Amino acid sequence: MRRVAGGPDPGDVGMDVPAGLTAPEVLAGYRAAIEESDAAIRAAGHPDAPSAVSIDGRFHTLRWVLAHMTSETARHAGHADILREQLDGVTGR
């Protein structure tokens with residue numbers, strides 16, 4: 001992921017992988033993002049703490065952000081699994 005320079009929100013990121021990056025480099029960036037997220041969660045200190053960055057003008061709680069990100073991750077993992085099944089023909093049954 002890359003941060004979007006000059007985006008309207010400091011939380012804006014792009015999902016395009018720059019050409020020339022290797023799979024290990026992409027995974028290292030993903031792991032670094034996880035570490036940043038974990039540090040932000042620890043710094044918030046409580047599930048009812050408000051977010052530092054608004055989403056559509058609202059400052060949601062950490063609890064809301066974690067629930068949202070969990071559902072987004074599950075949704076995208078499902079999409080990736082569908083693509084993998086189409087590539088290798090193996091289903092999860």
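Author: From the N terminus on, the elements of the chain follow the order β-β-α-α, which amounts to 2 helices and 2 strands. The model is a predicted one. The part requested is found in helix 2, which covers residues 62-88.

A search of the whole structure returns 5 salt bridges. Among them is the pair formed by Arg 84 and Asp 81, whose closest N and O atoms lie 2.6 Å apart. The two residues are 3 positions apart in helix 2, and therefore about one helical turn separates them. With a relative accessible area of 31%, Arg 84 is partly exposed. Asp 81 is likewise placed in the partly exposed class, at 33% relative accessibility.

Arg 84 also forms a salt bridge with Asp 88, and here the closest N and O atoms are 3.0 Å apart. These two residues both belong to helix 2 and are 4 residues apart, again about one turn of the helix. Asp 88 has a relative accessibility of 41% and so counts as partly exposed. Through salt bridges that share partners, Asp 81, Arg 84, Glu 85 and Asp 88 are joined into one network.

The remaining member of that network, Glu 85, pairs with Arg 84 as well. For this salt bridge the closest N and O atoms are 3.8 Å apart, and the cut-off for such a pair is 4 Å. Glu 85 is partly exposed, its relative accessible area being 26%.

Just after helix 2, Gly 89 adopts a positive phi of about 75°.

What is the accessibility class of His 60? The relative accessibility of His 60 is 8%, and because residues under 20% are classed as buried, His 60 counts as buried. If neighbours within four places in sequence are left aside, His 60 is in contact with Ala 49, Pro 50, Ser 51, Ile 55 and Val 65.

A few values for the chain give the context of these local features. Of its 93 residues, 6% count as buried. Among contacts with a separation of 6 or more, 15% come from residues 24 or more positions apart. The chain exposes about 7500 Å², and carbon and sulfur atoms supply 61% of that area.

A nonpolar feature of the surface may be set beside the charged network. Val 17, Leu 21 and Val 26 make a nonpolar surface patch of about 230 Å². Of these residues, Leu 21 is located in the loop between strand 2 (13-14) and helix 1 (23-44). Leu 21 counts as partly exposed, at 41% relative accessibility.

To return to the part requested, Arg 84 has salt-bridge partners in Asp 81, Glu 85 and Asp 88.

Terms used
Residues numbered from 1 in each chain as written. Predicted model: local features only at pLDDT ≥ 70, side-chain atom pairs only at ≥ 80, totals over all residues. Heavy atoms only, no water. Salt bridge = Lys/Arg side-chain N within 4 Å of Asp/Glu carboxyl O. Buried < 20%, exposed > 50% of the residue type's maximum accessible area, 1.4 Å probe, protein only. Contact = heavy atoms within 4.5 Å. Areas by Shrake-Rupley, 256 points an atom, 1.4 Å probe, with all protein chains shown as cover. Patch = residues over 30% accessible without salt bridge, like charges linked within 9 Å, V, L, I, M, F, W, Y side chains within 5 Å.
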